[in-house]
Amino acid sequence: MSTPTRRFPEDFTWGSATASYQIEGAVAEGGRGPSIWDTFSHTPGKVLGGDTGDVADDHYHRWAEDIGHIKDLGLKAYRFSIAWPRVQPGGRGEFNAEGIAFYSTLVDALLAAGIEPVVTLYHWDLPQELEDEGGWTNRQTAYLFAEYARRMAQELGDRISVWTTLNEPWCAAYLGYASGVHAPGRTDGAAALAAAHHLNLAHGLAGAAVREVLGADTKVSVTLNLHVTHPVDPDSAADRAAVAKIDDVGNEVFLGPMLEGAYPQSLLDNTSHVTDWSFVHDGDLALIRIPLSILGVNYYSSSRARFYDGTGERQQADGHGDGAGSPWVGCEDVEFLPQPGPYTAMGWNIDPDAFRDLLVRIGRRFPDTPLMVTENGAAFDDEVAPDGAVHDENRIDYLRRHFTAALDALEQGIDLRGYFVWSLLDNFEWSFGYERRFGIIRVDYDTQLRTPKDSALWYREVVRTGTIG
Ligand code: GBH
């Protein structure tokens, strides 16, 4: 007796993902204005090795070659982000025709190559001029974001398959405004919660604006980095309560308003020593909860947390090392313990079971909202073989195990529509600069030569056959 080959659905959306600041370069070309990441990366000490996105993968000039690689891999979709300061340099007022033309041409070329464009409107590169007025702590930013979204809908129109409003608002709010390891580098917990709320509002207003232009059935999504946190001692009520706090500040702060129309009372209570939440105005929650066509899930690793009783040094495991503040606003009595390995080059543990459980849990909780894995992948210390190839067996193994987890979830009846590997190219890994390589395609930063790694060639076979080799 032979077991049938396990297969992904015929119409499964296989793709790969990137983000504007991480790949484009050309930061002062084509009328682009400065973003908070330009400012941050040019501030000494903020990014490993002093790296910046000034050149990155030079994708602004090499997009045609990059689309060729996507096509060669047989991918059905490409997830990329629009740099707001490229299309509207100051974040308000005048739009920049040259910036809009760049994305319009990119979209046409993707369609001509048979690749579905999946757009993210915000992947962290806020126009610096808006940050000068408070950035995401300023309610006005949400309304300006919606105007930018409306214009993009008018310009790119029905050529876009899915409109994703935000990428990982958790990172934008907490890493940007609480721990300060991301732009704009602020360390103020109350500011981070205000930012989270204004990002929620921005999501609702932008999604509504896109649908006003393109019709109510336009696919609108948001991408969240959902945290899977295990209690250190599952039998300890205190540890389970610690995990519940992390769930609130990490997940429910977005899932609640976006999908259920409310912030959990436990979140408001547990952060009342930080803020009174007066930035939530009457009517906001109704604006935030728009129908979601797809919920995007980014997943890389899991964490372990427990109750911290105040004795000894509080442990943190956010991958950013010593010196950084905690992103976990209001969770002063929670600590993270290092996870057991194996690890990727980020120091993040590899836990595909947690990925499967997450997809199943979220899928069952929101049965009417299809899921899409909008990011999953791994950084490893790749070596280039004498023939120029990259034999990244470790990345293949990581992807194989996570694809299998996704297949498990599908077989449990979860409505999972697609999977985007992070990332198409090695790129600017935020505060870790170019040290950390997530690409399935190698980029030589001296020559800008692109070389598909073994993982890319392996992925091509998965996409072609719908089975995991
Ligand atoms: C994504 O961020 C980004 O969307 C993408 O641009 C980036 O290049 C890619 O992933 C790789 O980093 O629980 O405090 O220990 C993912 C960022 C990584 C943030 C894991 C949360 C755990 C933080 N996430 N991290 S903590």
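**Close-up views of a predicted model**

**View 1. Helix 7 and the residue that follows it.** Directly after helix 7 comes Gly157, with a positive phi near 50°. The coordinates come from a predicted model. Helix 7 covers residues 140–156. Its 17 residues should span 24 Å at 1.5 Å a residue, and the end C-alpha atoms are 24 Å apart, which agrees. The buried residues of helix 7 include Thr141, Ala142, Leu144, Phe145 and Ala146. Tyr148, Ala149, Met152, Ala153 and Leu156 of helix 7 are buried as well. Among the elements that the buried residues of helix 7 pack against are helix 4 (84–87), helix 5 (97–112) and helix 6. The packing partners of these buried residues also include strand 3, strand 4 (162–167) and helix 9 (189–214).

**View 2. The salt bridge between Arg159 and Asp108.** The side chains of Arg159 and Asp108 form a salt bridge with an N to O distance of 2.8 Å. Arg159 sits in the loop between helix 7 and strand 4, while Asp108 belongs to helix 5, so the pair ties together parts that are 51 residues apart in sequence. Asp108 has a relative accessible area of 40% and is therefore partly exposed.

**View 3. Strand 4 between its two neighbours.** Strand 4 pairs with strand 3 in the parallel sense over four bridges. Within this pairing, Val119 has Trp163 of strand 4 as its bridge partner. Strand 4 also runs parallel to strand 5, and three bridges join the two. Here Thr164 stands opposite Ser221 of strand 5. Six of the six residues of strand 4 are buried, so the strand is largely enclosed by the rest of the structure.

**View 4. Strand 7 between strand 5 and strand 10.** Strand 7 (residues 294–298) and strand 5 (residues 220–225) pair in the parallel sense over five bridges. In this pairing Leu224 has Val297 of strand 7 as its bridge partner. Strand 7 pairs with strand 10 (residues 371–376) over four bridges, again in the parallel sense. The bridge partner of Asn298 in strand 10 is Glu375. In a regular strand, side chains alternate between the two faces of the sheet. Both faces of strand 7 are covered, with Ile294, Gly296 and Asn298 buried on one side and Leu295 and Val297 buried on the other. Because five of its five residues are buried, strand 7 is largely enclosed by the rest of the structure.

View 5. The UniProt record, an unreviewed entry, places the feature "binding site" at Gln22, His123, Asn167, Tyr300, Trp422, Glu429 and Trp430. His123 is found in the loop between strand 3 (116–122) and helix 6 (128–131). With a relative accessible area of 2%, His123 is buried. Leaving aside neighbours within four places in sequence, His123 is in contact with Ala19, Gln22, Arg79, Ser81, Asn167, Glu375, Trp422 and Trp430.

View 6. Apart from neighbours within four places in sequence, the residues in contact with Trp430 are Tyr21, Gln22, Trp37, Val47, His123, Trp124 and His182. The side chains of Trp430 and Gln22 are joined by a polar contact of 3.4 Å.

View 7. The structure holds 27 salt bridges. Side chains of opposite charge can pair when their charged atoms come close. Arg186 is partly exposed, with a relative accessible area of 30%, and Asp188 is partly exposed with a relative accessible area of 30%. A salt bridge also links the side chains of Asp353 and Arg356, at 3.6 Å from N to O. Both residues lie in helix 13 (residues 352–365), three residues apart, which is about one turn of the helix. An α-helix has 3.6 residues a turn, so residues three or four places apart point the same way. Asp353 counts as partly exposed at 45% relative accessibility, and Arg356 is partly exposed with a relative accessible area of 22%. Elsewhere, salt bridges that share partners join Asp382, Asp392, Arg395, Asp426, Arg437 and Lys453 into one network.

Conventions. Residues are numbered from 1 along each chain as its sequence is written. This is a predicted model: local features need pLDDT of at least 70, side-chain atom pairs count only at pLDDT 80 or more; totals for chains, interfaces and linings use all residues. Side-chain values use heavy atoms; hydrogens and water are left out. UniProt positions are given in the numbering used here, feature names are shortened, and annotations may be inferred rather than shown by experiment. Buried means under 20% relative accessible area, exposed over 50%, partly exposed in between (1.4 Å probe, protein chains only). Contact means heavy atoms within 4.5 Å. A polar contact is a pair of N or O atoms within 3.5 Å; within protein, one must be able to donate a hydrogen and the other to accept it, and residues adjacent in sequence count only if both atoms are side-chain atoms. The expected span of a helix is 1.5 Å times one less than its number of residues. A salt bridge is a side-chain nitrogen of Lys or Arg within 4 Å of a carboxyl oxygen of Asp or Glu. Two strands pair if DSSP finds at least two bridges between them.
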